[in-house]
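Work through the exercises below with the sequence and the model open. Each task is followed by a solution in steps.

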Amino acid sequence: MYPENKAIDEILKIIEVFNSKKADEWNGDQLSRIAVRLSTLMVNLGREVAEATHEANSKYAFRKFSYAKDYKAIRQDIETKIKDAEIEATVLSIDNQREEVETQYRADLLKTLYDDCERLIMSVQSRLKYLQSERITSNLPNVE
């Protein structure tokens, strides 16, 4: 599913551990550590996303160039059968298309994980703000 990568493995583990408890069971220090660690790991994940996207885009461009080259060669040989040439050129590029789709899937999967980390960090930050305001409120003198 995901490529082998220590940062990705650690992110998935953090998400699993975070989901194992209810939001109110985490204290401020734990939440802060989670947010900082995820933010740090996202730097590495961002590189993975960029590399996977680049690979997918390269495969797409290669397939398009390959298709155009095959199409041109077939069209020159069989000028009157353009429809057949299109079908043949498509068949020749099926393996490239399959590889391109798989590569794009991996890139999309990494991008989704990256976006999930951003959302988790925002949730943790929101919870930290709530805990902070709750702490401030509890330290106020009781005015009755």
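**Exercise 1: a charged pair in a helix**

Asp-29 is partly exposed, with a relative accessible area of 46%. Buried means under 20% relative accessible area, exposed over 50%, and partly exposed in between, with a 1.4 Å probe and protein chains only. The model is predicted: local features need pLDDT of at least 70, side-chain atom pairs count only at pLDDT 80 or more, and totals for chains, interfaces and linings use all residues. Residues are numbered from 1 along each chain as its sequence is written, and side-chain values use heavy atoms, leaving out hydrogens and water.

Task: Find which side chain meets Asp-29 in a salt bridge.

Solution. 
1. A salt bridge is a side-chain nitrogen of Lys or Arg within 4 Å of a carboxyl oxygen of Asp or Glu.
2. The partner is Arg-33, at 2.9 Å from N to O.
3. Asp-29 and Arg-33 lie four residues apart in helix α2, so about one helical turn separates them. Helices are DSSP runs (H or I, at least four residues), numbered from the N terminus.
4. Arg-33 is exposed, at 57% relative accessibility.

**Exercise 2: a second pair in α2**

Task: Is Lys-59 buried or exposed?

Solution. 
1. Glu-55 is partly exposed, at 34% relative accessibility.
2. Lys-59 is buried, with a relative accessible area of 18%.

**Exercise 3: a pair in α4**

Task: State how far apart Arg-119 and Asp-116 are in helix α4.

Solution. 
1. Arg-119 and Asp-116 are three residues apart, about one helical turn.
2. Their side chains form a salt bridge at 2.3 Å, N to O.

Conventions
Helix = DSSP H or I, 4+ residues; strand = E, 2+ residues; numbered from the N terminus.
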